[in-house]
Amino acid sequence: MAAQNGNSENNGEMVVTPWEVKGKVDYERLIREFGTQPLTPELLGKLETYTDKLHLQIERRIFFSHRDLDTVLNLYEQGKKFVLYTGRGPSGPVHIGHMVPWIFTRHLQEKFQTRLYFQITDDEKFIIDNNSTLAETRKWGYENALDLIALGFKPENTFIIYDVQDMDLLYDIALKVAKRITFSTARSTFGFQDSTNIGWVFWPAIQAVPCFIHKKLTGENVPALIPAAIDQDPYWRVTRDMAQKLGYYKPAQIHCRFLPGLGAGGKMSASMPETSIFTMDPPDVVKKKIWNAFTGGRGTAAEQRKLGADPSVCSIFQYYYYLFEQDSKALAERERRCRAGEMLCGECKRDIVEKLNKFLEEHRERREKAKDTIEEFHIKRK
Ligand code: TRP
C-alpha cells in the first residue's frame, strides 16, 4: 500500500483501516470503536425466517456485526425490497479470504431473490498504489470478476460495475455525494495527509455510488445492504451521514471477520503471497504453503501426543472453521482430537490440502466457463 496513510510502526497494536489490517484483531473492540451493532439472537431469528436456515457464516459468527440490518428486515417484512452491494479492489489475484463474504452474498441473493451491485474499483487501486498502472488494475478487474461469477451468482440479478469503464453511470451521483462531504470529515475518517494525492481525497464519493444507483436505473428507492469485511466501515460512515439529505436510505451493513493468513496472526493478505491461497494456485503450491503454515502444534510429535495442541492459535484450524468443515460435529471432533494429541498436524494438513485442492479445481472449472458469460454480468448491458 502507499505510504501516505500508513501506520507502519505499531508494535503489534491492532490497526484496521480500508488500506491496512495489522496486529491481533479484537472484534468486540471494533464493534465499540466503530459504533456498530452485534448480531443479536432476536435479529438472527428474523433473518432465519427468510433464509430457511442460518448460513454457516452466521452460525459461526464469521459475520458478527451490522448497522441497520434490523431496519432492512423490518422494511422487507412490510414489502419493501432491498439490494445487495459489495465490491473488490482489483490489486491482484483473488485469494480464498476474499471469497468468504462473496459466498455469503450469493446466499443472500438466492434467499431474498435480490439484485447485487458489485463494484470493481480499478480506479481506487490505481490512485492509492503508486506502482500500479490502469492497464494492470483493469486486467485484474476482469480476472477477479471471473472468480466472483464462478461462485454461482445469477446473471439476471448481478450487475458488475467496472469503475473506469462505467464512470459515465456513476459520475452524477458521485458529484452529489462529494459535495456533501467536507475535507475535514474525510481527513479525519481516512487519515489524509498533505502528501495524499487529490484523487484519493475524492475517491470515497465513488465507493458510495452503488449504494444509491438502483434508483437511477429503475426508479425504485430501496435500501442497500452491504455484506463486507469490517475494514470498509469508514466508507459507510461518511455515506450514511449524507444519504438521507440526497433522498436515499442509509446503506445498511453486515460485517465479517478476516480469514487469517497461514502465518502466525494477521489476515490473509495478497501482499504476503506465501501465506495466502490464491484461486489459481496449482496443487503443489497449495501443498507447499500448507506445509509451511503456522499451527498450534508442539515442537516434537512425542510432546504433542502427550500434551495435545492448541487449535485456537492454529491457522489451519481456521480454514476448517471458515470454509472447509461445514459439519459442526465433525469440526468439534477434529478440535477434540487435536487438543487430546490424538491427531498430529501432518494428518490435519494432509486433509486440508485435499479439501482445498478439490475446491480450487472445481472453482477453476467454473471460472473458465465464466469467460463465456462475463458480459451478461456487466451493468451496461441491462
Ligand atoms: N474498497 C474496496 C477494496 O479496496 C473495494 C470495494 C468497493 C468494496 N466497494 C465495496 C468492498 C463495497 C466491499 C463493499 O477492496
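This is a predicted model: local features need pLDDT of at least 70, side-chain atom pairs count only at pLDDT 80 or more; totals for chains, interfaces and linings use all residues.
A salt bridge is taken here as a side-chain nitrogen of Lys or Arg within 4 Å of a carboxyl oxygen of Asp or Glu. By the same rule, the count of salt bridges comes to 22.

The chain is split into domain 1, spanning 15-258, and domain 2, spanning 273-369. Their centres, taken over C-alpha atoms, lie 30 Å from each other. Where the domains touch, 18 residues of domain 1 are in contact with 21 residues of domain 2. The size of an interface is often given as the accessible area lost when the parts come together. For domain 1 and domain 2 this buried area is about 1700 Å², with 61% coming from carbon and sulfur atoms. On the domain 1 side, R60, I96 and A150 stand out: together they supply 39% of the area that domain 1 buries against domain 2, more than any other three residues.

Polar and charged groups also take part in the interface. Two salt bridges are found across the boundary of domain 1 and domain 2, and 11 residue pairs are in polar contact between the domains, counting pairs with both residues at pLDDT 80 or more. The elements giving two or more residues to the side of domain 1 that touches domain 2 are α3 (56-59), α5 and α7 (134-150). By class, the residues on that side comprise 12 nonpolar, one polar and five charged.

Helix α5 has a further partner to consider. Two packed helices are described by the angle between their axes and the distance between the axes. Helix α2 (residues 41-51) packs with helix α5 (residues 96-112) at an angle of about 65°, and their axes are 9 Å apart. In this contact, L47, Y50 and T51 of α2 meet H107, K111 and F112 of α5. The residues involved are three nonpolar, two polar and one charged.

Definitions and conventions: Residues are numbered from 1 along each chain as its sequence is written. Side-chain values use heavy atoms; hydrogens and water are left out. Axes are lines fitted to C-alpha atoms, for helices over the stretch in contact, and angles run from 0 to 180 degrees between N-to-C directions. Helices (H or I, at least four residues) and strands (E, at least two) are DSSP runs, numbered from the N terminus. Contact means heavy atoms within 4.5 Å. Ala, Val, Leu, Ile, Met, Phe, Trp, Tyr, Cys and Pro count as nonpolar, Asp, Glu, Lys and Arg as charged, and the others, Gly among them, as polar. Domain bounds come from an automatic or database domain assignment. Buried area is the accessible area (1.4 Å probe) that two parts lose on being put together, summed over both. A polar contact is a pair of N or O atoms within 3.5 Å; within protein, one must be able to donate a hydrogen and the other to accept it, and residues adjacent in sequence count only if both atoms are side-chain atoms.
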